[in-house]
Amino acid sequence: MHYVYIIFSRSLSKFYAGETSDLEIRLKGHNSNKNRFTGKVNDWVLVWKTEFPARTEALKFERKIKKRGIKRFLEDIDFKF
């Protein structure tokens with residue numbers, strides 16, 4: 001399975017969307033200073049996820065979220081933040 005996920009940093013007041021096959025390892029990576037954007041802080045928390053059977057579908061959906069804007073996408077699905 002592949003996941004499209006959204007994480008949030010309270011200290012940056014920013015959302016980040018991504019795709020992975022292992023959410024636990026990916027979240028640890030975001031919080032361990034290994035990534036350029038998310039490595040600035042270590043308070044990222046998972047706020048939303050969905051799964052897909054194939055990576056191509058997950059990547060397509062991730063692009064859709066990023067094109068729409070993460071906050072706008074979350075508002076569209078009536079996510080409370």
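Guide: Let's start with a term: helices (H or I, at least four residues) and strands (E, at least two) are DSSP runs, numbered from the N terminus. Helix α1 covers residues 23–30, and Lys28 and Glu24 both lie in it, four residues apart, about one turn of the helix. Some ground rules: this is a predicted model, where local features need pLDDT of at least 70, side-chain atom pairs count only at pLDDT 80 or more, and totals for chains, interfaces and linings use all residues. Residues are numbered from 1 along each chain as its sequence is written, and side-chain values use heavy atoms, with hydrogens and water left out.

Visitor: Why is Lys28 called exposed?

Guide: Buried means under 20% relative accessible area, exposed over 50%, and partly exposed in between (1.4 Å probe, protein chains only). Lys28 comes out at 54%, so exposed is the word. Glu24 also counts as exposed, at 54%.

Visitor: How do you know that Glu19 and Arg55 form a salt bridge?

Guide: Their closest N and O atoms are 3.3 Å apart, and the limit is 4 Å, so they qualify. This pair links distant parts of the chain: Glu19 sits in strand β2 and Arg55 in helix α2, 36 residues apart. Glu19 has a relative accessible area of 12%, so Glu19 is buried, while Arg55 has 46%, so Arg55 is partly exposed.

Visitor: What makes a set of residues the largest nonpolar core?

Guide: A nonpolar core is a set of buried Ala, Val, Leu, Ile, Met, Phe, Trp, Tyr and Cys residues joined through side-chain atoms within 4.5 Å. The largest has 12 residues, among them Val4, Phe8, Phe15, Trp48 and Ile65. β1 (2–9), β2 (14–20), β3 (44–52), α2 and α3 (70–76) each supply at least two residues of this core. A second, separate core of seven residues includes Tyr5, Ile7, Tyr16 and Val41.

Visitor: Why is the ring pair of Phe8 and Phe15 called tilted?

Guide: Rings of Phe, Tyr and Trp (its six-membered ring) pair if their centres lie within 6.5 Å; planes under 30 degrees apart count as stacked, over 60 as edge-to-face and the rest as tilted. By this rule the count comes to seven aromatic pairs. The centres of the Phe8 and Phe15 rings are 4.7 Å apart and their planes are at 50 degrees, so this pair is tilted.

Visitor: And why are Trp48 and Phe61 called stacked?

Guide: Their ring centres are 6.3 Å apart and their planes are at 25 degrees, so that pair is stacked. Trp48 is in strand β3 and Phe61 in helix α2, 13 residues apart.

How values were computed:
Salt bridge = Lys/Arg side-chain N within 4 Å of Asp/Glu carboxyl O.
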